[in-house]
Amino acid sequence: MKSWSRAIATFVVGYLIATAVGWSTFTQPTVMWVLTFTLMPLVFAGLAYTYFRGTKPNHGEARREAIRLILFWIILSFVLDGLVFIGVIPLAFGAKPNWTFFVDQSPWIWLCYAALAPIIFGGLYAYERHPQLATAGEA
């Protein structure tokens, strides 16, 4: 990774947005999943663009950097999802840990992880085509 701190920061922003969307729509599962598969890919593609804009990979290393970012974000997603949904949320509500979380959420959660590949490559594509675009806070 060219910048571990930038990779973590952009991911955390996306995870917090995803968590806010999930919490605000959890009583309406259809709305939650529609937003998960429409809004969140755009958010994470924008964050991937922000990552590439900040690290400025050259053309020869850009694809490898995208693959590293994909793998890193999938690992972070899996670990945080496990901690939050298996442990933190059940314990916060006085329940036992939900060891079947990943099974209960199949196949959708696995699709979310797999979707990070085209999403991050979309962010890379935007960076390669428009490296001059200002991101939030850079204007």
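The model is predicted, with local features requiring pLDDT of at least 70 and side-chain atom pairs counting only at pLDDT 80 or more, whereas totals for chains, interfaces and linings use all residues. Residues are numbered from 1 along each chain as its sequence is written, and side-chain values use heavy atoms, with hydrogens and water left out.

The largest pocket holds about 950 Å³ of space. A pocket is here an open set of points on a 1 Å grid over the protein atoms alone, where a 1.4 Å probe fits, with protein on both sides within 12 Å along at least five of seven lines. Grid points are joined across faces, edges and corners, and the volume is the space filled by probe spheres set on the points. The lining (residues with an atom within 4 Å of a point) comprises 29 residues, and Ala18, Trp33, Thr36, Asp81 and Phe85 lie nearest the centre of the pocket. Two or more lining residues come from each of helices H1 (4–25), H2 (29–55), H3 (59–92) and H5 (108–129). Helices are DSSP runs of H or I with at least four residues, numbered from the N terminus. The greatest contribution to the lining is that of H2, with eight residues. By residue class, the lining consists of 22 nonpolar, six polar and one charged. In this division Ala, Val, Leu, Ile, Met, Phe, Trp, Tyr, Cys and Pro are nonpolar, Asp, Glu, Lys and Arg are charged, and the others, Gly among them, are polar.

H3 gives the most to the patch, with four residues. Phe78, located in H3, counts as partly exposed because its relative accessibility is 37%, the class between buried (under 20%) and exposed (over 50%). Trp23, in H1, is likewise partly exposed, at 43% relative accessibility.

Two backbone features lie in loops. The peptide bond from Ser106 to Pro107 is cis, with omega near 0°, and Pro107 belongs to the loop between H4 (101–104) and H5. Lys56, in the loop between H2 and H3, has a positive phi near 50°.

Notes: Buried < 20%, exposed > 50% of the residue type's maximum accessible area, 1.4 Å probe, protein only.
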